[in-house]
Amino acid sequence: MTIDVRLLRIDSRLLHGQVATNWAKVTKVDRILVVSDTVACNRIRKTLLVQAAPPGIRVNVLPVAKMVELYHDPRILSFRALLLVENPRDAQRLIAGGIRIEQVNIGAMSFDSTKVMVTDTIAVGQDDLAAFSWLYAHGVQLDVRKVSGDNSKNLWKFLKDKKLV
């Protein structure tokens with residue numbers, strides 16, 4: 001048995017109200033896995049994320065390589081999981097590591113001086129574009145929605161319209 005990954009979401013904020021209330025409920029998960037090398041070794045951020053767990057849902061924080069290892073470990077108990085990553089590179093690493101995902105949900109990606117705004121909540125840099133290109137080339141749908149009730153928008157179309165890919 002493997003982990004039943006119900007949703008893989010890219011959001012630089014990781015676990016926040018929309019994820020905790022909307023996505024966790026809609027996907028009917030019993031576990032939220034925050035997958036980030038930087039957060040996994042930051043005790044304060046890790047503690048805050050675990051404390052932000054919605055009622056009845058356990059939150060774990062782990063590095064990308066550990067998530068891939070656990071996904072392939074036949075001894076692990078099966079559970080329904082929502083995976084949260086901060087950036088598209090980590091999503092790429094998970095899928096390249098063998099985690100089966102057909103669609104990635106993109107929530108918000110923070111802006112800085114090295115990035116270009118693609119939507120009102122998504123900013124991308126060169127590393128992000130490379131990872132999104134890899135995901136697209138591997139048949140992964142790039143779904144832009146803040147909450148499940150929003151209309152799904154295709155990130156690849158936004159990237160093409162902005163002449164970034």
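Is Tyr 136 buried, partly exposed or exposed, and at what relative accessibility? At 42% relative accessibility, Tyr 136 counts as partly exposed, a class that lies between buried (under 20% relative accessible area) and exposed (over 50%), with a 1.4 Å probe and protein chains only. The views below show a predicted model, in which local features need pLDDT of at least 70 and side-chain atom pairs count only at pLDDT 80 or more, while totals for chains, interfaces and linings use all residues. Residues are numbered from 1 along each chain as its sequence is written, and side-chain values use heavy atoms, with hydrogens and water left out.

**View A. The aromatic pair of Tyr 136 and Trp 156.** Rings of Phe, Tyr and Trp (its six-membered ring) pair if their centres lie within 6.5 Å; planes under 30 degrees apart count as stacked, over 60 as edge-to-face and the rest as tilted. By this rule the count comes to one aromatic pair. Tyr 136 and Trp 156 are stacked, at 4.0 Å centre to centre and with 5 degrees between the planes. Tyr 136 belongs to helix 6 and Trp 156 to helix 7, so the pair ties together parts that are 20 residues apart in sequence. Trp 156 counts as buried, at 11% relative accessibility. Helices (H or I, at least four residues) and strands (E, at least two) are DSSP runs, numbered from the N terminus.

**View B. The crossing of helix 5 and helix 6.** The axes of helix 5 (residues 88-96) and helix 6 (residues 126-137) come within 8 Å and cross at roughly 35 degrees; axes are lines fitted to C-alpha atoms, for helices over the stretch in contact, and angles run from 0 to 180 degrees between N-to-C directions. The contact (heavy atoms within 4.5 Å) involves residues including Ile 95 of helix 5 and Phe 132 and Trp 134 of helix 6.

View C. Strand 5 (residues 103-106) and strand 8 (residues 141-144) run parallel and are joined by four bridges, with Leu 142 as the bridge partner of Val 104.

**View D. Strand 2 and its partners.** Five of the five residues of strand 2 are buried: Arg 31, Leu 33 and Val 35 on one side, and Ile 32 and Val 34 on the other. Pairing with strand 3 is in the parallel sense over five bridges, and Val 35 stands opposite Leu 62. Strand 4 also pairs with strand 2 in the parallel sense, over four bridges, and Val 34 stands opposite Leu 84.

**View E. Helix 1 and the loop that holds Lys 28.** The buried residues of helix 1 include Val 19, Trp 23 and Thr 27, and their cover includes strand 1 (4-10), strand 2, strand 4 (80-85) and strand 5. Lys 28 lies in the loop between helix 1 (17-27) and strand 2 (31-35). Its phi is near 55 degrees, a positive value in a residue other than glycine, and Lys 28 is exposed, with a relative accessible area of 57%.

Notes: Pairing = 2+ DSSP bridges.
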